[in-house]
Amino acid sequence: MANAAAKKAAQQRKQTTSIYFPIIAALNVFHLFLLYALSSQSFTKTRIAITVFEWIGTYIAYQGIIHDAEVSNLTRNNKKQTDIAGGIYLDILGLIVLVQYGSIFIGSFIDWLLIICPLGYGLLKWFGRGKSDDAVQETEQDEGLKKELEERRRKRAERRRQKRA
């Protein structure tokens with residue numbers, strides 16, 4: 001059974017890679033082309049550092065999308081779902097692409113979005129206002145699971161008491 005799950009995960013990884021890798025590679029290559037063709041500040045240390053930072057973020061988002069595709073495929077339990085694999089990593093990728101192209105066409109102040117947006121999201125989560133529906137569902141499932149486990153423990157303890165008597 002585990003071997004079948006591993007094969008399914010590998011197949012999902014391959015399929016996700018074949019979809020997202022060409023898209024992300026094309027976005028980054030086209031960004032480089034536009035950056036050095038249209039921007040007058042192409043070779044400053046700051047611009048190079050920001051570009052490298054964006055590439056690292058793109059790589060992390062890409063790996064997250066692939067991992068999420070594998071995990072979501074295994075947790076579906078053979079149910080047909082039309083959800084796009086990637087979760088928050090797709091949002092991160094979208095933010096990075098927005099910043100990449102925004103910094104070329106609008107101005108370099110857009111680069112601050114890479115710092116402000118994650119901090120804002122983190123603060124919302126910290127204060128509990130950014131709870132998603134998934135988090136609420138997980139909490140409800142956890143409570144149901146806790147009740148079920150508590151009921152099992154109670155029954156086992158009762159059976160042990162009956163054996164001793």
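The questions below concern a predicted model.

Q: What makes up the secondary structure of the protein?
A: The protein has five helices and zero strands, and from the N terminus its elements run α-α-α-α-α.

Q: Which nonpolar patch on the surface includes Phe 43?
A: Phe 43 forms a patch with Tyr 36, Ile 48, Val 52, Trp 55, Ile 56, Tyr 59 and Ile 60, and together these residues have about 820 Å² of accessible area. Helix 2 gives the largest share of the patch, six residues.

Q: How do you know that Arg 47 and Glu 54 form a salt bridge?
A: The N to O value for their side chains is 3.7 Å. The rule asks for a nitrogen of Lys or Arg within 4 Å of a carboxyl oxygen of Asp or Glu, so the pair of Arg 47 and Glu 54 qualifies. By this rule the count comes to six salt bridges.

Q: Why are Arg 47 and Glu 54 called buried?
A: Arg 47 has a relative accessibility of 7%, and Glu 54 has a relative accessible area of 0%.

Q: Why is Glu 150 called partly exposed?
A: Glu 150 stands at 46% relative accessibility. Partly exposed covers values between the 20% limit for buried and the 50% limit for exposed, so Glu 150 belongs to that class. Arg 153, at 44%, is partly exposed as well. The side chains of Glu 150 and Arg 153 meet in a salt bridge (3.7 Å, N to O).

Q: What makes Glu 158 and Arg 154 about one helical turn apart?
A: They are four residues apart in helix 5, and therefore about one helical turn separates them. In general, an α-helix has 3.6 residues a turn, so residues three or four places apart point the same way. The closest N and O atoms of Glu 158 and Arg 154 are 3.4 Å apart, and a salt bridge network links Glu 151, Arg 154 and Glu 158.

Technical notes. Residues are numbered from 1 along each chain as its sequence is written. This is a predicted model: local features need pLDDT of at least 70, side-chain atom pairs count only at pLDDT 80 or more; totals for chains, interfaces and linings use all residues. Side-chain values use heavy atoms; hydrogens and water are left out. Helices (H or I, at least four residues) and strands (E, at least two) are DSSP runs, numbered from the N terminus. Patches are made of residues with over 30% relative accessible area and no salt bridge: like charges are joined within 9 Å, nonpolar side chains (Val, Leu, Ile, Met, Phe, Trp, Tyr) within 5 Å. Accessible areas come from the Shrake-Rupley method with a 1.4 Å probe; for residues, only the protein chains shown count as cover. Buried means under 20% relative accessible area, exposed over 50%, partly exposed in between (1.4 Å probe, protein chains only).
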